[in-house]
Amino acid sequence: MEQITFGPFRLDTTTTTLLRDGRELELRPQAFHALRALIHNRGRYVGYAQMINQAWDGNLVSKHTVAVTIGEVKRTLGEFGLWISYRPKLGYRLDVPHSDDLVKQGWHFWSRRTREGFEKALDCFQQAAIENPSDFRAFEGISLCYLLLGTYGMRMPREMYSGFLQAHKRAVELCGLTPERRADRAHGLHLFEHKLEEAETELLRAQEESPESPEVYVRLTMLYVSQGRLDDALNILLGARATHSLWPTVPANEILVHFFRREYDVAVACGKKALELHPYLYLGRLFYAEALEHTGKYAQALDEYRLAVIMSPDLPWLQAVEGACLAKHGRRKDALAILADLIQIRKTQYVDAYFMAVLLDALGDPDQAFQELERAYHERSFGLFALAVDPRLDNLRQDPRFATLLRRLSPGLNQQEAVSA
């Protein structure tokens, strides 16, 4: 089988089919053969005689017929039809720009889901955008890199969100508001602008437009957690598990929702299954560790925390969660050493303040913990999405400052109702 990939397309010469991002496009056989001739000669002009030989098997047709057929190919390629050009006396030429290679390389780095991977991907996408400002895929990549760098607490969320909005706007201008881009915008409305009702409206619309998207399920789950709607969050994940059980963040978030529901034994069971499927996803290992800790399996929890830190050494906030576990179980000196390291790290790179608050609370310093929560609010920390239900901050819930912060994040949400949901 000969399959030729160019841009988002794949040409299968044995079945004479053309696919874009895995979806088959309608293209009649003669147009397929003309496209194949252009691909085999990419970067070079294909004159009339050569086109007749390679696409029409030597059967003579008029130049007008050739032009009409190439026009059909260009329409099928959509916005990428501009890659096909024509010069009198020379013929037709397919030029796949270098930006296409940069986009592919960017998605390769992005798939690592690490800070280094996202930053390398961002560099690739930005270079592609400079080379080809009309390539919407470059701006989609830029926007998603910024969004996830902020969402995972890898870089300052407030700054990442600014970059996301700019790139997202350009991507929408170029390719319209697709369900994926709608879901991205809704995720930003939720995590960084705290506009929960508007975010829910957009996410539900994205789900209706693209019911097969696992990311929409995960983002709805996070939104319902913020609203204290833990039953809805669980139901959404159960629906996602039926069709997207292999998507990495679906089983990881199932652990987290049970953890927030205080169903710690169930969370541990979910964690074991999640790690069987995705042993190298640090989020799943982190959530599993938290569930283990709350079921009294302290030593095993510390092992999992340590593995999560080793797997993602460029995420300092993971050390804060490990330090909180140490502090709660009698190893205060070790926890203080981690705190000192994080304070030093913060001088040169971003450390998520929400998880610093978790560590300081575990060390018995509620005033400093609230200062960090205030900092987290201004930095737009992603961890705040769980403030209403997070067991890690239960010691702070009776303090009036906690209710004040919660009202700023989610006006009208009763924290007691949220925790007991």
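Leaving aside neighbours within four places in sequence, Val358 is in contact (heavy atoms within 4.5 Å) with Ala324, Arg392 and Leu393. The model is a predicted one, in which local features need pLDDT of at least 70 and side-chain atom pairs count only at pLDDT 80 or more, while totals for chains, interfaces and linings use all residues. Residues are numbered from 1 along each chain as its sequence is written, and side-chain values use heavy atoms, with hydrogens and water left out.

Val358 is found in helix α18, which spans residues 353-362; helices (H or I, at least four residues) and strands (E, at least two) are DSSP runs numbered from the N terminus. The relative accessibility of Val358 is 2%, so this residue counts as buried. Buried here means under 20% relative accessible area, exposed means over 50%, and partly exposed lies in between (1.4 Å probe, protein chains only). Val309 is 49 residues from Val358 along the chain, and the C-alpha atoms of the two are separated by 16 Å. Ala357 is also found in helix α18 and, at 0% relative accessibility, counts as buried. When residues up to four places away in sequence are not counted, Ala357 touches Ala369, Glu372 and Leu373. Between Ala357 and Trp56 the separation is 301 residues in sequence and 70 Å in space, C-alpha to C-alpha.

For the protein as a whole, the secondary structure comes to 21 helices and six strands. Taken along the principal axes, the box filled by the C-alpha atoms is roughly 85 × 40 × 40 Å. Of the 421 residues in the protein, 56% are buried. Among contacts between residues at least 6 apart in sequence, those joining residues at least 24 apart account for 58%.

Helix α6 (residues 136-151) and helix α8 (residues 179-191) have axes that come within 11 Å and cross at roughly 30°. Axes are lines fitted to C-alpha atoms, for helices over the stretch in contact, with angles from 0 to 180 degrees between N-to-C directions. The two helices, α6 and α8, are therefore roughly parallel to each other (angles under 35 degrees; over 145 is roughly antiparallel, 65 to 115 roughly perpendicular and the rest oblique). The crossing in which α6 passes α8 is left-handed, a term for a near helix turned anticlockwise from the far one by less than a right angle, with right-handed used if the turn is clockwise. On the α6 side, the contact is made by Glu140, Leu144, Leu147 and Thr151. The α8 side contributes Arg181, Asp184, His187, Gly188 and Leu191.

The structure holds 18 aromatic pairs. Rings of Phe, Tyr and Trp (its six-membered ring) pair if their centres lie within 6.5 Å; planes under 30 degrees apart count as stacked, over 60 as edge-to-face and the rest as tilted. One of these pairs joins Tyr86 and Tyr92, whose ring centres are 4.7 Å apart and whose planes lie at 40°, so the pair is tilted. Tyr86 is partly exposed, with a relative accessible area of 48%, whereas Tyr92 is buried at 14%. The rings of Trp107 and Trp110 have centres 5.5 Å apart and planes at 75°, and this pair is therefore edge-to-face. Both tryptophans, Trp107 and Trp110, lie in helix α4 (residues 98-110), three residues apart, or about one turn of the helix. Trp107 is partly exposed, with 31% relative accessible area, and Trp110 is buried, with 14%. One aromatic cluster is formed by Phe6, Phe9, Phe80, Trp83 and Phe136.

Two arginines lie over the face of Tyr377: Arg380 at 5.0 Å from the ring centre and Arg408 at 4.2 Å from the ring centre. A charge sits over a ring if NZ of Lys or CZ of Arg is within 6 Å of the ring centre and within 35 degrees of the ring normal. Arg380 is found in the loop between α19 (366-379) and α20 (400-409) and is partly exposed, with a relative accessible area of 22%.

Backbone geometry was also examined. Most residues other than glycine have a negative phi. Arg380, although not a glycine, has a positive phi of about 65°. Thr16, likewise not a glycine, has a positive phi of about 50°. The loop between β2 (9-12) and β3 (17-20) holds Thr16, which is partly exposed, with a relative accessible area of 33%.
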